[in-house]
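Hi everyone, thanks for making time for this.

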Amino acid sequence: MSHTLTAMQALSSQRLWQRLETLSTFTDPDRPWTRRAFSPRFMASREWLTEQMQQAGLSVRIDSGGNLIGRLEGTQPHAKPIMTGSHSDTVFDGGRYDGILGVLAGIEVAHALHDSNQQLEHPFEVVDFLSEEPSDFGVSCVGSRAMVGALSADMLAQRASGAGTLAEAITLVGGDPTQLTQPLYSSGDLHAFVELHIEQGPVLERQDIPIGVVTDLVGIRRFRVVITGQPDHSGTTPMDHRKDALVGAAILIQATQQKAIQMNSEQRYVVSTVGYLSVMPNSSNAVPGKVELMLEIRSNEDHVVEHYGEQLFSMLQPELQALGLQLHTESVSHGKPTRFDAEVVDRIEHSAGVLGYPSLRLPSGAGHDAVYLAGIAPAGMVFIPCLNGRSHCPEEGIQLAHMEAGLKVLLQSIQTIDQHVFNQK
Ligand code: HGY
Ligand code: MN
Ligand code: MN
C-alpha cells in the first residue's frame with residue numbers, strides 16, 4: 001500500500017535550510033552578505049533560483065516587471081492564483097534571511113505540494129520580487145510596484161550613478177518596461193497573497209513567541225535632499241566666510257532625530273533616518289560645497305507620512321539660509337500605512353493555533369512587497385523572530401525551529417485560504 005504523504009509531511013526544513021545556505025553564497029565576498037539587485041551576482045542567483053523552482057515542480061517565467069514567478073496549476077484551472085513570495089536582493093552588508101526566507105519557503109511549500117501530489121484548488125504562484133530594497137536608483141519594491149501598476153514613468157527614468165535608467169536595468173533582468181504603463185495584476189486577479197518574513201525587530205524574540213501575525217505596515221516616505229553651499233580651501237577660508245554644506249546636513253540630521261523622538265507616543269510610531277549621505281568634493285582639505293542625502297520617514301499615521309518632511313524642511317530653511325546654504329528636496333517615494341485583510345489575518349492566526357504555535361498580532365515597522373499586493377488582493381504576512389531583533393546587518397540570524405514554524409504556518413495558511421471564500425468587500 002503506498003503511503004501517500006500529506007504536503008505538511010512532505011515539507012523539508014533541511015532542504016529549506018540548505019537552500020538558505022546556498023543562496024547566501026551569492027554575495028560580494030568582501031561584504032557578506034551583499035547581493036544588490038541588478039548586480040551580476042544577483043543575476044547568477046536568479047539562474048540558481050530558477051533551477052530550484054523547476055526542481056519544486058514550478059513552471060517559471062519573468063514578468064514585465066522583472067519578477068521571477070514559479071507557478072503550480074490547481075485543480076480549478078480558472079481559479080485566481082494564491083500568491084506567496086518576497087525578495088532575494090539585499091542591502092549592503094545585509095543579512096541572509098530578510099526577504100530570502102519568504103522566497104525559499106514559498107519554493108519549499110511548492111516542493112512539498114508537488115512531492116505529495118496534493119494540488120490546491122487555486123493555482124499557486126511563488127514570486128521573487130525584483131529589488132525590494134531601495135535600489136541604487138533610489139526606488140524600492142521595484143517588482144511589486146510594477147506588478148500592481150505603481151511604478152511611475154519618473155521612477156523608471158531614475159538613474160543610478162554610473163549606470164543607465166531603472167527601465168534599462170529592468171530590461172536587463174528580463175522585464176519589459178514598455179508594458180508597465182498598466183498593472184500586470186489588478187484587483188480581483190489574485191485569490192490572496194501571503195508573505196513569510198523575519199520580524200526584523202525585537203518583539204517576538206522578547207516575548208518568546210514563534211509566530212507573528214502582521215496586522216498592518218507603516219507608511220514609508222523617502223526624500224532626496226541636496227544642500228548646496230560653496231567648496232573652498234579648508235586652510236584659507238575663515239570660519240565666518242564659509243558656506244559649508246556638511247554643517248547644514250548635520251543640522252538637518254540632528255533636527256529630524258529630535259522631531260521624530262518628540263512625535264512618538266503610545267499610539268503613534270514615528271522613525272526618521274538619514275542612512276545615505278554623499279559629500280562633495282569629499283576631500284579632507286576642502287570645505288564641503290554640496291551634500292546629497294536620503295531622508296526616510298516611517299509612521300503608522302498617514303498624516304505624519306504626508307506632512308513630516310515639509311514641516312521639517314520649512315523649519316530648517318531660515319537657519320540654512322543664514323549659513324548661505326540652499327536646500328533642494330525631492331519626494332522620491334511615498335507608501336501609505338497599510339492594514340492587512342482581516343480574513344487573511346484571522347486565517348494565519350488560526351493556522352498557527354491548529355499547528356500548536358503561540359502567535360502574536362503585531363504591526364510591521366519594516367516595509368515589504370506585501371504593501372503593494374494588499375492594494376489588489378486580500379493580503380497578510382507571517383513573521384518569525386530574528387536573533388536579537390536585528391536585521392539589515394551580517395548578524396541577522398534565525399533559529400531552525402522558528403524557520404520550521406514559519407514554513408508550516410505558511411503552508412497551513414495557504415491550504416486554509418485555498419478553501420476559503422472571501423466576503424465581498
Ligand atoms: O526597508 C525596509 O523596511 C525593508 O526591509 N526593505
Ligand atoms: Mn530589508
Ligand atoms: Mn525584506
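Let me begin with one lysine: at 46% relative accessibility, K336 counts as partly exposed, where buried means under 20% relative accessible area, exposed over 50%, and partly exposed in between, with a 1.4 Å probe and protein chains only. Before I go on, the ground rules: this is a predicted model, in which local features need pLDDT of at least 70 and side-chain atom pairs count only at pLDDT 80 or more, while totals for chains, interfaces and linings use all residues. Residues are numbered from 1 along each chain as its sequence is written, chains are lettered from A and ligands numbered from 1 in the order in which they are written, and side-chain values use heavy atoms, with hydrogens and water left out.

Back to our lysine. K336 makes a salt bridge with D302, with 3.2 Å between the closest N and O atoms; by salt bridge I mean a side-chain nitrogen of Lys or Arg within 4 Å of a carboxyl oxygen of Asp or Glu. That pair links distant parts of the chain, 34 residues apart: K336 is in the loop between β12 (326-335) and β13 (338-339), and D302 is in helix α10 (residues 302-322). Helices (H or I, at least four residues) and strands (E, at least two) are DSSP runs, numbered from the N terminus. D302 is partly exposed too, at 33% relative accessibility.

How many salt bridges does a search of the whole structure find? The search gives 20. One of them joins R298 to E296, whose closest N and O atoms are 2.7 Å apart. R298 counts as buried at 12% relative accessibility, and E296 is buried as well, at 16%.

Another one pairs E108 with R19, at 3.6 Å between the closest N and O atoms. E108 lies in helix α4 and R19 in helix α2 (residues 13-24), so this pair ties together parts that are 89 residues apart in sequence. Is E108 buried or exposed? Buried, with a relative accessible area of 0%, and R19 is buried at 4%. These two also belong to a network of salt bridges that links R15, R19, E108 and D115.

The manganese ion (ligand 3) is coordinated by H87 (NE2), D98 (OD) and H197 (NE2), at 2.1 to 2.3 Å. Donors here are N, O and S atoms within 2.8 Å of the metal (3.2 Å for Na, K and Ca), and water is not among the atoms, so sites may look incomplete. Along the chain, the donors of this ion follow the spacing H-x10-D-x98-H. D98, in the loop between β3 (82-87) and α4 (100-115), and H197, in strand β5 (residues 192-198), are 99 residues apart, and the pair links distant parts of the chain. Both D98 and H197 are buried.

What about the other manganese ion? The protein donors of the manganese ion (ligand 2) are D98 (OD), E133 (OE) and H392 (NE2), lying 2.1 Å from it. E133 sits in the loop between β4 (124-129) and α5 (142-147) and H392 in the loop between β15 (379-384) and α13 (400-418), so this pair ties together parts that are 259 residues apart in sequence. E133 is buried at 4% relative accessibility, whereas H392 is partly exposed at 40%. Which residue coordinates both ions? D98 does, and the two manganese ions are 3.5 Å apart.

Let's zoom out to the chain as a whole. There are 13 helices and 15 strands. Of the 425 residues, 55% count as buried. The C-alpha atoms fill a box of roughly 90 × 45 × 40 Å along the principal axes. Among contacts between residues at least 6 apart in sequence, 79% join residues at least 24 apart, a contact being heavy atoms within 4.5 Å.

That's my tour, so over to you for questions!
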